[in-house]
Amino acid sequence: MKKEYSKKILDEISAKFPGVAIKIYAPRRIYIKISKGKVFDFAKFLHNDKGFRFSIATGIDTRDGIEIIYHFSHDEAGTYYNIKTLISKDDLKIKSLATFLPAANWIEREIHELLGVDFIGHPNLVPLLTAETWPADLCPLRRDYQDEHKDLKVEKKAWEEF
Amino acid sequence: MRRVVPIGPYHPLQEEPEFFKLIVEGEKVVDLEINIGYNHRGHEFISQTLTWDQVPFLVERICGICSDSHPYAYVLAVEDCAHITPPPRAQYIRTIIGELERIHSHYLWLGLAGHFIGYNTVWMWVWRYREPLLDLFELIMGNRNHYAINKIGGARRDILPEDYPEIEKYLNLLEKKNAMFTNAILDDPVIRARLENVGVLTKEEAIAYAVTGPTARGSGYACDVRKDDPYDAYDKVDWNAIVFEEGDVLAKAKVRLLECDESIKIVRQCLKNMPDGPIETRVDDIPTGEGIGRHEAPRGEVFHYVRSDGSNMPVRHKIRAPSYMNIASNVVAVKGYSIADAALVLAAVDPCYCCTDRTFVYEKGKKKYSGQDLLRLSLEKTEKIKRRYGK
């Protein structure tokens, strides 16, 4: 029964949002690729209309741009939806979900400071984890970030000196 | 007139740094600001520099209280990515340890809650019966904490048949004592007065803030990964999800107390039906792809996401601890209550700061500490502790 339920939802999704790419790797893990402009309406549809639980968002620095995955859990059917979108590095902007979903507030602040994505309409887009003195243009989770902190190989010297 | 009562970030009553800025009018809390990020962790980044097999060791150290939850969710994520099914015996072992950990974590909270409302009898009682459980962990896995039981494709240690009676003995003791706590706590008028109708989080707020675990289930929001998306042995045993509608601190306490009973049930059934056989499968390499692991930790859903490019390290490893969602809901739960209740309400979600705080690099205009400096500081501290204890 659960299987039919999630199939019904998938049909509804492809009817309402034509052109989304749906991939199912494992029975209860669904990955959906969607363009940047449609994410806001899509997330609103999932959360407000279908009652999905927002789990978290993941930001990934890839070759083509910053990829954001919004993870939604559909607890009634036990399925997990991952909404993927790609933001080009020339225009790092996306509509914020925090306007209707307070749960997205912290994670958007975190992605903003770690990867430099601007969330349009976020009520309070200030750094969450980094210190107050941290320069705003430095994004520590980017691939091109350079810092001695990034070199995690422990040199023998430090042990020996000690 | 509005005044600010700061709790933290460094406070003698807090074990870990976190900043709660209570804005009060008289004794009433009218607003709360939460500030996190006082502890350098960087786990997500470090994990991308380790091999698949080294990561469980790292993520086990994210949290000291629920140290089984993070590696559990991580191995589930990698198994999801590589389409591995661990052998049945390993599944049962992991389920048993996960449930025993839930009992010890809920008891830790219960003791602390008793301490926060000034009822130290509850605190001493509860921790007295938590202690044998930690001894049991030491017996089974050699460690009171950081059990290192999870491994990609199985479990690292077997539970020996000669240890079954010890586990059974503890469960028998706990069953009686848990019934005693439940009755004692729910019948006590003083405890009820302190917990009832305090820190109410309504179901709508729970959904909006996407809280998980006992915080959600105490507000009538029935989300439990063990039931919704069963993994390992959870769909092979018979148990109930505990849900209460009230949303106050008492409801959260009830959820935790009754969940301990359910955990006892699960462990008993697992021990009874434990299949024989190997405890691990051979895992050669992790193929390209992505995987998601979810485990219902004592505090809620632990979420791990891994992406693999076919090499021996994860390309991206995202970690979301339950407290990350639960602590944020304090903003609505604490509003309108007196400042005396605030400490209890803030603690009602069973916050785990070390899970929530993950990244912070110290800088003051220019870089103050290099990686080598941090290493030196930590070595110095270890030496200082050693000297203090004369070793």
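**A strand and its two partners**

A: E7(B) pairs with strand E8 (residues 314–320) of chain B in the antiparallel sense, over six bridges. Two strands pair if DSSP finds at least two bridges between them. Strands (E, at least two residues) and helices (H or I, at least four residues) are DSSP runs, numbered from the N terminus.

This is a predicted model: local features need pLDDT of at least 70, side-chain atom pairs count only at pLDDT 80 or more, and totals for chains, interfaces and linings use all residues. Residues are numbered from 1 along each chain as its sequence is written, while chains are lettered from A and ligands numbered from 1 in the order in which they are written.

Now the turn. E7(B) and E8(B) form a hairpin with five residues between them. Gly310(B), in that turn, has a positive phi of about 90°.

E7(B) has another partner. Strand E6 (residues 289–297) of chain B pairs with E7(B), also in the antiparallel sense, over nine bridges. E6(B) and E7(B) form a hairpin too, with two residues between them.

His304(B) shows both pairings. Opposite His304(B) in E7(B) stands Gly293(B). In E8(B), the bridge partner of His304(B) is Ile319(B).

How much of E7(B) is buried? Nine of the nine residues of E7(B) (residues 300–308) are buried, so the strand is largely enclosed by the rest of the structure. A residue is buried if 20 or more other C-beta atoms lie within 10 Å of its own, exposed if 12 or fewer, and partly exposed in between; C-beta atoms are placed from the backbone.

Helix H4 (residues 88–116) and helix H14 (residues 339–348) of chain B pack at an angle of about 170°, with axes 10 Å apart. Axes are lines fitted to C-alpha atoms, for helices over the stretch in contact, and angles run from 0 to 180 degrees between N-to-C directions. H4(B) is therefore roughly antiparallel to H14(B), a label for angles over 145 degrees. Leu112(B), Ala113(B) and Phe116(B) of H4(B) make the contact with Ala343(B), Leu344(B) and Ala347(B) of H14(B). Residues are in contact if their C-beta atoms, placed from the backbone, lie within 7 Å. The residues of this contact divide into six nonpolar, no polar and no charged. Ala, Val, Leu, Ile, Met, Phe, Trp, Tyr, Cys and Pro count as nonpolar, Asp, Glu, Lys and Arg as charged, and the others, Gly among them, as polar.

Technical notes. Parallel < 35°, antiparallel > 145°, perpendicular 65-115°, else oblique. Contact = placed C-beta atoms within 7 Å.
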